[in-house]
Amino acid sequence: MVNDPVADLLTRIRNANQAGHAACDVPASKHKAAVLEVLKREGYIADYSKIEAGPQGTLRVTLKYSFGGEKALKHIERVSRPGCRVYRGVGDLPKVLDGLGIHILSTPRGVKSDREAKKENVGGEVLARVW
C-alpha cells in the first residue's frame with residue numbers, strides 16, 4: 001500500500017527519466033491521470049495511456065526526449081505532502097525558474113498547471129514543481 005500515490009507517480013517518472021527509459025508503468029487512478037494530462041499539455045511527457053490489467057489497471061507513461069537524447073523533463077519534485085499540505089491562492093503562486101517551469105495544482109476546478117489556474121483565477125494545493 002502506498003501512502004502518497006502522487007509522490008509514487010512522480011518518483012517512478014523521475015527514475016525512468018534518469019535511467020533513459022522510453023516509458024514507465026504506474027498503477028492507475030483518476031487523480032494520477034489528471035496529473036499526467038497536465039504534464040502532457042505542458043510538454044513534459046510525450047503521452048500516457050491506460051492499460052486494462054487487473055482490478056485497478058495501469059497507466060503507461062511515454063517519456064519525451066529530443067533527437068539528441070536531451071530530456072524534456074529536467075526536474076520533478078513533490079511540494080505538498082500528506083503530513084504538510086501546501087496551499088496557495090492565485091496571487092501567492094511564485095514563478096518556477098522565472099516562468100520556465102510550472103507548478104501542478106489541485107484546484108476546485110480540477111488539476112491544473114499554475115498558468116491555467118491564474119487564467120481561471122483559482123488557487124489550490126500545490127502538488128508538484130516541474131522544469
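**Salt bridges**

I took a salt bridge to be a side-chain nitrogen of Lys or Arg within 4 Å of a carboxyl oxygen of Asp or Glu. The model is predicted: local features need pLDDT of at least 70, side-chain atom pairs count only at pLDDT 80 or more, and totals for chains, interfaces and linings use all residues. Residues are numbered from 1 along each chain as its sequence is written, and side-chain values use heavy atoms, with hydrogens and water left out.

I searched the whole structure and noted 12 salt bridges. For each residue in the pairs below I also looked up accessibility, where buried means under 20% relative accessible area, exposed over 50%, and partly exposed in between (1.4 Å probe, protein chains only).

I found glutamate 77 in a salt bridge with arginine 129, with 2.4 Å between the closest N and O atoms. This pair links distant parts of the chain, since glutamate 77 is in strand 4 (residues 76-78) and arginine 129 is in strand 8 (residues 124-130), 52 residues apart. I list glutamate 77 as partly exposed because its relative accessibility is 24%. Arginine 129, at 26%, is also listed as partly exposed.

I then checked lysine 74, whose side chain meets that of glutamate 70 in a salt bridge (2.3 Å, N to O). Lysine 74 is partly exposed, with a relative accessible area of 43%, and glutamate 70 is partly exposed at 47%.

The salt bridge between the side chains of lysine 50 and glutamate 52 is 4.0 Å, N to O. Lysine 50 has a relative accessible area of 48%, so I put it down as partly exposed. Glutamate 52 counts as exposed because its relative accessibility is 66%.

**The sheet**

I followed an open sheet of 3 strands in the order 1-3-2, with antiparallel pairing. Helices (H or I, at least four residues) and strands (E, at least two) are DSSP runs, numbered from the N terminus, and two strands pair if DSSP finds at least two bridges between them. Strand 1 (23-27) and strand 2 (45-51) are the edge strands, each pairing on one side only. The twist averages 20 degrees from one strand to the next.

I noted that strand 2 and strand 3 (residues 58-63) pair over 6 bridges, while strand 1 and strand 3 pair over 5 bridges. Threonine 62 in strand 3 is the bridge partner of aspartate 47 and of alanine 23. Serine 49 has arginine 60 in strand 3 as its bridge partner. Strand 2 and strand 3 form a hairpin with 6 residues between them, and glycine 54 in the turn has a positive phi of about 80 degrees.

**Helices on the sheet**

Axes are lines fitted to C-alpha atoms, for helices over the stretch in contact, and angles run from 0 to 180 degrees between N-to-C directions. Contact means heavy atoms within 4.5 Å. I found helix 2 (residues 30-41) lying across strand 1, strand 2 and strand 3, at about 155 degrees to strand 2.

**Histidine 21**

I located histidine 21 in the loop between helix 1 and strand 1. Histidine 21 is partly exposed because its relative accessible area is 42%. Not counting residues up to four places away in sequence, histidine 21 touches Ala16, Leu63 and Tyr65. From histidine 21 to proline 94 I noted 73 residues in sequence and 32 Å in space, C-alpha to C-alpha.
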